[in-house]
Amino acid sequence: MLSKALLRLGAGAARHPWRVIAAWLIAVTLAVLAAIAIGGRTADSMTAPGLDSQQAAELIERAGTGQEGMTAQVVVTPLDGGATFFDHPSARTALARLQTEVRRLPHVLGTSDPAGALGADGDTTVRDGLVSADGRIAVVRVQYPDQSRLSAADLDALVGLGDRLRAELPLRIEMGGSLFYAFSDADGGVSELIGLLAAAAILFLAFGSLVAAALPIGMAVFGLTVGVATMTVLAGVTDVPTFAPVLGSMVGLGVGIDYALFVLARHREYLARGLDPHEAAGRAVATAGRPVVFAGGTVVVSILGLAVANVPFMTVGGFAVSIVVLIMVLASVTLLPAFLGAAGPRLARAGRIRRVLQARKLGRLARHGDPAAGAGWRRWIGHVSRHPVAYAIGAAGLLLTATLPVLGLRVGLPDDGSLPHSRTERRAYDLVAEGFGPGTNGPLVIAANPAGDPGVLDRIVGAVAADPGIASVAPTHIDRATGIGTFVVFPTTSPQDKATADTLSRLRTDVLPTAIGRGPATAHVGGAAASLSDVGRRTSERLPLFVAAVLAMSFLLLMLVFRSVLVPLKAVLLNLLSIGAAYGIMVAVFQWGWGGALIGLEATVPIVSFIPMFLFAILFGLSMDYEVFLLSRVREEYLRTGDNGTAIVEGVSRTARIITSAALIMVAVFLSFAVAEDPSTKMFGLGLASAIFIDATVVRMVLVPATMTLLGRTNWWLPKWLDRMLPRSPVGTDDTGSESTGEATRPLLVDR
């Protein structure tokens, strides 16, 4: 059985702590060395099989125009407020030198030539989008090969050149483009440090001991190091999206510290009863470790369920994050008991520091046989249980109200215009929008295969240029070998504007089919904006199937674990409420701007297209952590007493301190990422923090006791025929890890 295996594993690690710690040190060393030797960089491939943008990318690659590679743009304007590139030779000379210097950079395939065009024909320069109509702003577009041939050194070379030329030329120089997106340092680092410090402070207050606070942090750091290094190795063999390390760090720190806290709290309970530290560690892993294994497994399965979207970068990103979660589960049942064994009886003496700090109420953990332990929570849960209808209706109404903004959810692509003004990408974005119009920041690339129809390219160009959503069309590039034509078009609206999505849809469903007619030619619309729009549409289409799969899986798992029909049904519905409320908060903050300044959001942005599905997978899994941990304790009490009311009050109150402390840690970790510069990281951080806070407070401490009180003994109802079909679960044990078999503790209300 799982409980016996965990008992042996935990006790063995506690008896031989230095062997286990040494093994983990070796694992960390090997993982880091492998990451250095064969690891790769993260890369975003926002494509998926069958999408129109993917078909466009394939045509562009066949044509060999170079448009399939990375790009950058250098945006310049004279420092002299009265100068223009039309009538000031010094400004034009400086622009020409800048172009020459950029072309000399390693791996640059070529650049646009606004300086040369100015010398030939100013009108053509404006028409081709190289210089603004007023002559104040010029854009040098830089073409690089594909990302696999580049590195962060290429970005550093471009940025370094800009820094040098700013001091030498009479130009304001700003930069942006996909090169920055691919190779800028991902948000993390500082956020991870802030999250760790916040978690350490909460753990110290909760336990009143530096040793007790250090153990979960140490375990999480070990696990996170192995997890992120493994992710880097994975990036060497496939495209791991850039958000995966940040999200993996965020989730890994949260669940790692949470899992360690659950086990550590049980360990200290057993120490308080006088058990030997080795036996206490083994029993802690056997009891609290079971919910950790089941909860961690739920998180992993939920995240792996992202594969139903059939979007490769989401599947790989989910797999990478799930690796981190699995490593944290393994660390919780091996490395943590080794730490507990090495610490010995010192953990039982932590109460002295709590008295010195006068933080006894915050730090004292609930203990069996101690009537004062958890007294405040016991009174609260008892109060809720005496008024279940009022609290159930009030709490559900509050969460439903918070969910209402979801009706206005709009997915899209936050562009460089959502970055802070301190970033050169944002300043370049603003200059381009000012000089050429907002759509210039989100060009579309149309690729057409004439297939023997000689006039089709002219018809396509003419039809696209006549569309009201298109501001301008760049010259067409035709590959002589294949005949494939590609050209860039600039919408009249910004990449994140809904009107741009409407223009994209109109081009595909009306403009291009009409221009092509019944001939054999084909045409597709690609580019970054089109790719993300397509990915957003596909994830929206697959989201209902994904949600249904995760709900069904969670229901079946909880039914197996708790031998009940209504308990898992209630858990699924309550988890949906907390996730829905978190979505509503995200819409209110990011789309409506409510409180956006508190997290450094300078402009409203749509929700990134793939984030709702990712958040659902992670949040549903994390919500199950608390559900399994809390209901395991309620079930233990029910097995011990046979009384549903007592089981609810005792089970919830005895886990309340741990759940709220764990939630505070997770919220602190996630909020530390919510203040990052990148809007996507902000969305992940705020969404996760909001959902965990709601789940650990309104759901676990109000809705769960209220609804379980209303259901009474039917909480544990299970049809007899279903009881015979389900295999026995190891979670139905008492707190010593032994199976409870007494008639007075019969766990099920079986429908005979």
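Student: Which helix does Leu686 lie in?
Tutor: Leu686 lies in helix α27, which covers residues 679-711; please keep in mind throughout that this is a predicted model.

Student: Is Leu686 buried or exposed?
Tutor: Leu686 counts as buried, because its relative accessibility is 11% and the cut-off for buried is under 20%.

Student: And what is Leu686 in contact with, leaving aside its neighbours within four places in sequence?
Tutor: With those neighbours set aside, Leu686 is in contact with Val589, Phe590, Ile599, Leu671 and Ala674. Val221, by comparison, is 465 residues from Leu686 in sequence and 23 Å from Leu686 in space, taken from C-alpha to C-alpha.

Student: What about Phe243 and Phe313, how do their rings sit?
Tutor: Their ring centres are 6.3 Å apart and their planes are at 80°, so this pair is edge-to-face. Phe243 lies in helix α11 (residues 243-272) and Phe313 in helix α14 (residues 312-333), so parts that are 70 residues apart in sequence are tied together by the pair. Phe243 and Phe313 are both buried, and ring pairs link Phe243 and Phe313 with Phe610, Phe614 and Phe684 into a cluster.

Student: Now the strands. How many residues of β9 are buried?
Tutor: In strand β9 (residues 485-491), 7 of its 7 residues are buried. Gly485, Phe487, Val489 and Pro491 point one way from β9, while Thr486, Val488 and Phe490 point the other way.

Student: Which strands does β9 pair with?
Tutor: Strand β6 (residues 444-449) pairs with β9 in the antiparallel sense over 5 bridges, and there Ile446 stands opposite Phe487. Strand β7 (residues 470-473) runs antiparallel to β9 and is joined to β9 by 3 bridges, with Ile470 opposite Pro491. Strand β8 (residues 477-478) also pairs with β9 in the antiparallel sense, over 2 bridges, and His477 has Thr486 as its bridge partner.

Student: What is going on at Gly483?
Tutor: Gly483 takes a positive phi near 80° in the hairpin of β8 and β9, which has 6 residues between the strands.

Student: Last topic, charges. How many salt bridges are there?
Tutor: The count is 27 salt bridges. Glu636 forms one with Arg266, where the closest N and O atoms are 3.2 Å apart; the pair links distant parts of the chain, with Glu636 in helix α25 (residues 611-641) and Arg266 in helix α11, 370 residues apart. Glu636 counts as buried at 5% relative accessibility, and Arg266 counts as buried at 5% as well. Arg266 and Glu636 are also linked with Glu269, Arg290 and Arg633 in a network of salt bridges.

Student: And which residues does Arg654 meet in salt bridges?
Tutor: Arg654 meets Glu637 at 4.0 Å, N to O; Arg654 is in helix α26 (residues 644-674) and Glu637 in helix α25, so this pair ties together parts that are 17 residues apart in sequence. Arg654 also meets Glu650 at 3.2 Å, N to O, and these two both lie in helix α26, 4 residues apart, about one turn of the helix. Arg654 counts as buried at 8% relative accessibility, and Glu650 at 14%.

Notes
Residues numbered from 1 in each chain as written. Predicted model: local features only at pLDDT ≥ 70, side-chain atom pairs only at ≥ 80, totals over all residues. Heavy atoms only, no water. Buried < 20%, exposed > 50% of the residue type's maximum accessible area, 1.4 Å probe, protein only. Contact = heavy atoms within 4.5 Å. Phe/Tyr/Trp six-rings, centres within 6.5 Å; stacked < 30°, edge-to-face > 60°. Pairing = 2+ DSSP bridges. Salt bridge = Lys/Arg side-chain N within 4 Å of Asp/Glu carboxyl O.
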